[in-house]
Each structure stands twice: as C-alpha cells, then as structure tokens.
Number of protein chains: 2
Amino acid sequence: MSSPASALGSCRYKVRSQDDYKKILDVFKKHNIRYFFYIGGNDSMDTADQVNKLAAQTGYAFRAVGVPKTIDNDLACTDHCPGYGSVIKYLATMTMEAGRDTEALYTADTVNVIEAMGRNAGWIAAGTALARRNEEDAPHIILLPEVPFNEEKFIAKVRYYLDTIQRCVVVVSEGTKNADGTYIAEQKGAFGKDAFGHTQLGGAANYIKSLIEAQVQVKARFAMPSTIQRTGIHFASKTDSQEAFMVGAEAVKQAVSGVSGKMITLVRSSAHPYSCTTGLADLSDVANGEKFLPKEWITEDGFFVTQEFLKYARPLIQGEVEANIVDGLPRFVRFKKNYI
Amino acid sequence: MSSPASALGSCRYKVRSQDDYKKILDVFKKHNIRYFFYIGGNDSMDTADQVNKLAAQTGYAFRAVGVPKTIDNDLACTDHCPGYGSVIKYLATMTMEAGRDTEALYTADTVNVIEAMGRNAGWIAAGTALARRNEEDAPHIILLPEVPFNEEKFIAKVRYYLDTIQRCVVVVSEGTKNADGTYIAEQKGAFGKDAFGHTQLGGAANYIKSLIEAQVQVKARFAMPSTIQRTGIHFASKTDSQEAFMVGAEAVKQAVSGVSGKMITLVRSSAHPYSCTTGLADLSDVANGEKFLPKEWITEDGFFVTQEFLKYARPLIQGEVEANIVDGLPRFVRFKKNYI
C-alpha cells in the first residue's frame, strides 16, 4: 500500500481498430486467459468493452470487468474514482503550504499561481478548495475548465484579494479555456499531441502569472507540480487507498460469479457518516460518458466552488496511508517484469 | 513544529544604505530593543553585522546574533543550514515518486525534468541524489550550477539512459549556466529582477524538456515545484527541525551571555553516528562567503554527485516531523500580527 500504483505499470497505446481488438483477443486465447480486469478511465473502459464484445461474437468464454481509476474523477456512473481523493489531498496540502509562503513574504511575491491537472473537467483544481478553512487561506481563486476564462473579471478578482488581504493564490486547471473554446495554454510543436490525439497542455500557470504581472503590475510566481501531484504516495488518502482495494476485490468477485461487460462503481451509501459500497455499470455507458463538475457546485462568479462540493470531496481525503520510510525516504517495491 | 517556518513572516526588502541601518537602529532604540536575532542567509547576516557595528559606534548597548536558515545551504562557516535537510528530503521524495510515474509509462513520457531551486549553488539539486538507491531509480542526471552546461555531452547521457533503462529523469538546478556564464533560463520583462537585483530564474526545466524533445525526438515532461519544495512541512526532516530549534536556542543563550556580531553555526561533531553541536562565526565572515558544492563531490562527468556527498547529506533527512492533521489536511497556526 505504500508503493505508488504505478508499480503495476501503465500504457499510453491508443487501441484504434478492430485489428487491435482482434490481436488482444488472440493473445488472450493463446494463453488461455479468461478474465480481463482493465484498470483505468474512459478509454480503458471502451477497450474492455470492445474486447468483451468481440469475445462474445467469437464464442470465446471470457469475462471483462472494468476497474475505475483516474485522478481526473471524470467517469460517469460512479460517485467518484479511486485516485482522486489522494491527488486532491496532496495538491490541497501543496496549495496550503505554498499559500503560507506567499503570506510570509507579504511585501513581495504576493501572487502565486499553481497549475492543477485535468484536461476537460475541473475536479482536481476544485479539490484544492478544501485547503481554504477561512477567508485568508489559499486558494483564493480557482480557474476551472467548466467556466470560460474572463480576463477582465479575473483581474478584478485578483485586485480584490490584493486590496483586502494583500496576497492572492490562484489554482488554475491546465484545461482552462477561453470563451471561444481554445485552451489558455497549449503545447505546440512535434509533441503537441499525445498518442490519443489529445492536445498536450501545460503552461496555464505561467500564462496566468504573466497576465497578472502585466495587468496588475505585481511580481508573481507559478508552480507546476505536473506528475508529482498524482504520485504523492507519501501523503495519500487512506480512504482512497481502501476504496481502490475494494473496487479491485469486487471486480474479481463479480467476474468469478459470471459478470462481464461491466465496470465496478463506487456508490455513496451514506453521506453522514460517509460510507461507500460498490455497484455495477455497463462498460459502454462509462466509455461514452465524461462527468464534469456540476454547474451548481461552482460559485456564481465562477471563481470558486460551493459548500456542496466541499461536502462531496472532504470524506475522500480522510486518513493517511502509512508510509514505509527507510533512511529518511519512502521505500517502494519494483515488480520484476516477465514478458511472455 | 508542524506549522511552516513561514508562520513567523519574512521580508524581501534589500537594506541598501547607512540610512537604512540608522533607521533600523533608531526603531530599536525607540522601543528599547537590546537583542536582535536575525534569521536568514548571507544578506541577512550582512544586515545584522552592519546594524551591530553601528550600534557599537553610537555606544548603544546591544547584541546582534545571526541564526542560520536557508534551504540553499550556501552559508560559509557552518556544516549545513537549517531548512536544507527538509527541502532535500521532500524534493528527493518528489523525484522518487515522479520517477515511478515515468517508469510505469515506459512507452511514453519516458523523460521527465524536475526543476530544483538554488541560484548559484547546486546543493538542493544534488540532494535529490539520495532518492537513487540503485541504477534504475531516479534521478539519473543532475544538472548543477557548478558545472557549465554542455549540451552535446548532456544529450549523449540522456540517450544512454533511454538505451539502457528506457527512461530518464533529470533534475536541473534553476541556476544552471552555460559555459559563458549566462543562465540557461532567465526570466525577462519588468519583473525580471528581484529587490536585490538578482536575476529571476525559472524555466530551466522547460528549456531542458524542449531541448530533449528537439534533439532526441522523444516526448518529455517537466515539473516545477517552485516554492512548494521549500514549504513541505507535512514531510519535513525531524533532524532538520530539531537543529533549527537548537541554533535558535543557542543564539538566545549566547546573546544573554554577552556575545554579539556572531552567527550560530552547526558543527558536525561526529559522522558515525551523526551528531551536531553548535559553534560561532563572525557575521562578516558569513556575509561575505558563499559556499558552493565542492568539486570533489561532483562525479567526473559532471552529471551526478559522489558517495561522499551522499554521506554528508543523508543524516540531514532522517526522521519525520509529526504532522498535525485535521480533517485530512495539515493544520497550521497563524500568528496575530501586532504592528507597532
């Protein structure tokens, strides 16, 4: 539990065609593999769904069950996704700590901009709101992909915080877009798109920092935690970790009992006290859905989230995974890879 | 102990002239302040030294004692500086975790570049070497300000790691310089210099990422933890924290016993087992010195540090400060500021 989930390995290959599905199924058949548990997000659920359908067509006795896992928290049909609680616990902590740095310096570097992951949905950026226990605490402004960026209103908001508390910490989602739908910051060049054809983002924080310096005439800083935010196992959420194990175990149980073509979901069975059980959703329903931050959880001015969101998110960050520290640093396992 | 040191507040005002020193001393006289403990780095020790000398000239009974504190670890006369152990413990952990992300993806995003603070000295970047317990572990290459950047040799080294272990994590110090002494990345524009006239850095990691993409033709990522690396109290070094208290307490003790014009130093009284006591250095000796990473602690190829450095740094990251976690996130104090 104290090694990052990345110990399992991952991939970024985009399964594109019926030939790809056929090849996957052929490999399964060759090694008499009858159970396929695919851990991931929308794209992964789509792959599991297609392979499952092809197996059924060819009469191969086979079960495919999806296991949700994405820090983006954007899967349909599930209350939330394993990985999300940990990333927001850690990024909220970073925001809180960086906010104190800004506060300490109070006559310089009074603006700090932190970039959160999240291509289309603002769940991760929104989660940093948990760090704000009172008006003075960071973050003061959150920029979400769900809200078209309005430069004028944004600069006015930055000025408001500089006038009232003499500092301003902004969390900006990498997926924040202009009113015309273009990203405020896109990576150009030969590697401007990933294997899935998605535009590579990065630079939103730097953009916002430069904008503030130009418009407000104060020195600003920015931070881009990038992949660091999603790998912080030294401060992972225990609730999140336990739920990750829960959906994995349930997937095995369901597959053995005959279920196929489904993804395990998390169902919030009680809000107070928080408790979660599992459910099932069709892989195709998950594959074709993308869950955005609901409009009613965004404040009217578009720069923060509501109490309702905080009530939703707070249970997900509770508890800390016990770190396995050796000689001052975490100790991770490395699995031996046996390719066949 | 579980609130960041920034709770005390800080400043970035450059004390420039005799008028400034006179004003500081006038304020001290007005409020009958007889003890001046100045916590900081070279610039702070210079200020304490000048105010102390002026007090002596004017016959004001007064004691000024410097307390070392800089994550940069670049102060002369002391074995190391409070703050350094915690920043490298945290940044090494980030590097280790981000390295596992790169490793998990092994067919994509195989290069990751992490930017470390450190204007002129490579102590912070060097400290991430502690994360590398074996050949496979990140970081694989460390770029230091002490070693002029050689693009050709660097690209060859990146290729070597991509060929042998199919990935490469680079830690680059923000202060890395070209052979002609210019920084590989400088901030331009109206806020390109800070209050001290120092060039503002930032962008070294982005520069190295773009260079690798252009020269090696692989997709790379970069992370810029910025101030986050120096505020990570949730994973601070207990050894570092205890030594910070030790130098503070010793400063008070020394001042009460009549010492003035000195900075408290840390003296490594034993290497195995590690133990540290305190000593004294003239403020002027600290003010005018800047301690770089010794050449003999840098490997011959210039891209890593030696075992001797690791032996020096490892004791400084031992133990974890107990975090005060409330509702899933750290809880920090906020002192009430009473301006007079």
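A residue is termed buried when its relative accessible area is under 20%, exposed when that area is over 50%, and partly exposed in between (1.4 Å probe, protein chains only). The structure is a predicted model, in which local features need pLDDT of at least 70 and side-chain atom pairs count only at pLDDT 80 or more, while totals for chains, interfaces and linings use all residues. Residues are numbered from 1 along each chain as its sequence is written, chains are lettered from A and ligands numbered from 1 in the order in which they are written, and side-chain values use heavy atoms, with hydrogens and water left out.

Over all chains, a search of the whole structure finds 32 aromatic pairs, a pair being rings of Phe, Tyr or Trp (its six-membered ring) with centres within 6.5 Å, and counting as stacked with planes under 30 degrees apart, edge-to-face over 60 and tilted for the rest. Tyr35(A) and Phe37(A) are stacked, because their ring centres lie 6.4 Å apart and their planes meet at 5 degrees. Tyr35(A) counts as partly exposed at 37% relative accessibility, and Phe37(A) is likewise partly exposed, at 31%.

Trp297(A) and Phe309(A) form an edge-to-face pair, with 6.1 Å between centres and 65 degrees between planes. Trp297(A) lies in the loop between α8 (283-287) and α9 (307-313) of chain A, and Phe309(A), twelve residues away, in helix α9, helices being DSSP runs of H or I of at least four residues, numbered from the N terminus. Both Trp297(A) and Phe309(A) are buried.

Ring pairs also join Phe28(A), Phe36(A), Tyr38(A), Tyr60(A) and Phe62(A) into a cluster.

Definitions and conventions
Helices (H or I, at least four residues) and strands (E, at least two) are DSSP runs, numbered from the N terminus.
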